[in-house]
Amino acid sequence: MDGIIPLWKEKGMTSHDCVFKLRKILQTKKVGHTGTLDPDVEGVLPICIGRATKLAEYITDEGKTYEATVTLGTATTTEDASGEVVASKAITETILPIDVEKAAKSFVGEIEQIPPMYSAVKVKGRKLYEYAREGIEVERPKRRVNIYAIELLKPYVPIDPDQHTFRIRITCGKGTYIRTLAVMIGEKLGYPAHMSALKRTQSGIFTEEQCFTLAEIEDLRAKEEEASFLYPLEDGLSDMVKQDISDTLYEKVLNGVVLPEQFIKERSKGRVALLHKNKLTAIYVQHPERRDFWKPEKVIELRSGKLN
């Protein structure tokens, strides 16, 4: 069984919980997720099965879309609703939706973020949340992330003493902390803030409408209708240039041969997916030392039929 499942991760579950349950449902060990979603977050979580597990890192790198609820007036230890309140400020004015949207859109582009203390980012070999649980504050590495678009969602209600929340849709690149973005928008508006709810509506090409819950997958598996929820490996590389190769070149690629540049017709970010008869065979990258040659980064299919 090889392919990608667009799973709808439900609230209360970790990404690892989903992998564990799918291993039991599908009766296979070769299952991997494409980036963690916090237990309180629901949404699209592509799951790689079989040979597709070799593509997990590429799928993780693709763009994501989220819908977040931001609450002004209070900041928390975790930057979301699960944490303890550490700062508060009464809202005594009216902030119009147009001003909220202007503040949010000011973060579109490449921005710098500091990961929250309650996150899995590692510092000196330990995850930040491990330090946080022990009450230890450490210097966190800044990171640059890409925000492609931010849109204010309806209803367009002014922020005032009785209405503290607004909803936004964010399209962003890898590594973006939506919790931190919520705090940054709050700061722009002059108030402490936190992310009070979050849903991921798209990951790569996979959308909310395409997703299946664990219960639906279990039901379809019992009916032997795996094809209805299992997408081909090639769908996981929507952002990567793809090239079909001849039978002769296919034999060379299976053996991991370094290819002269003239064999690579199209390039994107120094990487190309090579397909034979519409089936993903390997991923090639530009040679770091011999710029007129390309070398295999991953051979997905071997002559023996075994995984590389």
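Reader: Let's take buried as under 20% relative accessible area, exposed as over 50% and partly exposed as in between, using a 1.4 Å probe and protein chains only. How many residues of strand S1 are buried?

Author: In strand S1 (residues 3-9), 7 of its 7 residues are buried. This is a predicted model, where local features need pLDDT of at least 70 and side-chain atom pairs count only at pLDDT 80 or more, while totals for chains, interfaces and linings use all residues. Residues are numbered from 1 along each chain as its sequence is written, and side-chain values use heavy atoms, leaving out hydrogens and water.

Reader: Thanks! Which S1 residues point which way?

Author: Gly3, Ile5, Leu7 and Lys9 point one way, Ile4, Pro6 and Trp8 the other way, and all are buried. Strands are DSSP runs of E with at least two residues, helices are runs of H or I with at least four, and both are numbered from the N terminus.

Reader: And what stands opposite Trp8 in S3?

Author: Val44 does. S1 and strand S3 (residues 42-49) are antiparallel, with 7 bridges; two strands pair if DSSP finds at least two bridges between them.

Reader: Switching to helices: how far does H5 reach?

Author: H5 (residues 178-189) has 12 residues and spans 17 Å from first C-alpha to last, close to the expected 16 Å. The expected span is 1.5 Å times one less than the number of residues.

Reader: Why is H5 largely enclosed by the rest of the structure?

Author: Because 10 of its 12 residues are buried, including Arg179, Met184 and Leu189. The buried residues of H5 pack against, among others, helix H3 (97-105) and strand S4 (64-72), with contact meaning heavy atoms within 4.5 Å.

Reader: One more: at what angle do H1 and H6 pack?

Author: Helix H1 (residues 15-26) and helix H6 (residues 214-222) pack at about 10°, with axes 10 Å apart. That makes H1 roughly parallel to H6, a label for angles under 35 degrees. Axes are lines fitted to C-alpha atoms, for helices over the stretch in contact, and angles run from 0 to 180 degrees between N-to-C directions.

Reader: Which residues meet there?

Author: From H1, Cys18, Lys21, Leu22, Ile25 and Leu26; from H6, Leu214, Ile217, Glu218 and Arg221.

Note on methods
Angles under 35 degrees count as roughly parallel, over 145 as roughly antiparallel, 65 to 115 as roughly perpendicular and the rest as oblique.
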